[in-house]
Amino acid sequence: MFASPFKNISKKVEKKLTYTLLYFLLISITVMRYFDRFLVNETAEFGIVSFELSKSLERAQEILDSWSSLSRTYAGLSLGYDFLFLFIYTLFIAVLIHKLNERIWVGKPFYKLGEILIWTLFLTAIFDCVENVSLIKLLIGGRQQFWVSVAYYFAVVKFILIGISIAYIITNFFILLFKKRS
């Protein structure tokens, strides 16, 4: 039911996919950090993330008011680029989970957890899309608490799912290191 979507790809394709996604991830992080340079200020200390987690209409409005028209343009570019970025980071994390799962947990009950996490990353991408649409609505003038709340709650769940996935990767990476040493 929850079998990894990467289960039937060859090791050679898996390796190419991993390195290609890593390359695109590094480029995308650089692009997103460039856009975010124009969004960080005293009101929005964490740039676009401050906007994503604003929670109240007043706070979102405060952040929008702190941004110049150029900054708002970069916020729009960041949100638009994020539609590509969300595919890159979710696929990269999913491939890493798959690779670790195959090396450590094949034939063990913990294997299913990795497969479930891979599929939750695709859910994470959907949450990121919904969050982006809500933030774009706010950015172009749809100043309603509804959009702020949708962006906030979808962002929180997205960050939790990403955090769990990264914790899984780090934990399994150390397990793999200790297995190699023994």
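This is a predicted model: local features need pLDDT of at least 70, side-chain atom pairs count only at pLDDT 80 or more; totals for chains, interfaces and linings use all residues.
**Exercise 1. Get your bearings: how many helices and strands does the chain have, and what pattern do they follow along the sequence?**

Start by counting elements: there are six helices and zero strands. Reading along the sequence then gives α-α-α-α-α-α. For the overall dimensions, take the C-alpha trace, which spans about 55 × 30 × 30 Å along its principal axes. Next, look at burial: of the 182 residues in the chain, 41% are buried. Finally, check how far apart in sequence the contacting residues are. Among contacts between residues at least 6 apart, 78% join residues at least 24 apart.

**Exercise 2. Work out how α1 packs on α4: are the two helices roughly parallel or antiparallel?**

First find the pair: α1 covers residues 11-37 and α4 covers residues 69-104. Their axes lie 9 Å apart, at an angle of about 150 degrees. Angles over 145 degrees count as roughly antiparallel, so that is the label for α1 relative to α4. As for handedness, α1 passes α4 in a left-handed crossing. Sort the contact residues by class and you get 20 nonpolar, four polar and six charged.

**Exercise 3. Zoom in on that pair: what do S78 and M32 touch, leaving out residues up to four places away in sequence?**

Place the residues first. S78 sits in α4, while M32 belongs to α1. Now list neighbours. S78 touches M32, F35 and I48. From the other end, M32 touches S78, Y81, D82 and F85.

Then check accessibility, where the cut-off for buried is under 20%. S78 has a relative accessibility of 2%, so it counts as buried. M32 comes in at 14%, so it is buried too. One more distance for M32: its C-alpha atom is 14 Å from that of F51, which is 19 residues away along the chain.

**Exercise 4. Describe the α4 and α6 crossing: which residues make the contact?**

Geometry first: the two axes come within 10 Å and cross at roughly 35 degrees. The crossing is left-handed. On the α4 side, the contact is made by Y89, I93, L96, I97, L100, N101, R103 and I104. On the α6 side, the contributors include K158, I162, S165, I166, Y168, I169, N172 and F173. Further along α6, I175, L176, K179 and K180 also take part. By class, this contact has 13 nonpolar, three polar and four charged residues.

**Exercise 5. Find the buried face of α3: which of its residues are buried, and what covers them?**

Helix α3 runs over residues 57-66, and its buried residues are A60, I63 and L64. Look down the axis: these residues fall within an arc of 100 degrees, so they line one face of the helix. The spacing makes sense if you recall that an α-helix has 3.6 residues a turn, so residues three or four places apart point the same way. On the other side of α3, E58 and D65 are exposed. What covers the buried residues includes α2 (48-52), α4, α5 (111-139) and α6 (145-181).

**Exercise 6. Inspect the backbone at K55: what is its phi, and where does the residue lie?**

Locate K55 in the loop between α2 and α3. Its phi is near 70 degrees, a positive value in a residue other than glycine. That's worth a second look, because most residues other than glycine have a negative phi. To finish, classify K55 by accessibility: at 44%, it counts as partly exposed.

Conventions. Residues are numbered from 1 along each chain as its sequence is written. Side-chain values use heavy atoms; hydrogens and water are left out. Axes are lines fitted to C-alpha atoms, for helices over the stretch in contact, and angles run from 0 to 180 degrees between N-to-C directions. Helices (H or I, at least four residues) and strands (E, at least two) are DSSP runs, numbered from the N terminus. Angles under 35 degrees count as roughly parallel, over 145 as roughly antiparallel, 65 to 115 as roughly perpendicular and the rest as oblique. A crossing is left-handed if the near helix is turned anticlockwise from the far one by less than a right angle, and right-handed if clockwise. Ala, Val, Leu, Ile, Met, Phe, Trp, Tyr, Cys and Pro count as nonpolar, Asp, Glu, Lys and Arg as charged, and the others, Gly among them, as polar. Buried means under 20% relative accessible area, exposed over 50%, partly exposed in between (1.4 Å probe, protein chains only). The arc is that of the directions from the helix axis to the C-beta atoms. Contact means heavy atoms within 4.5 Å.
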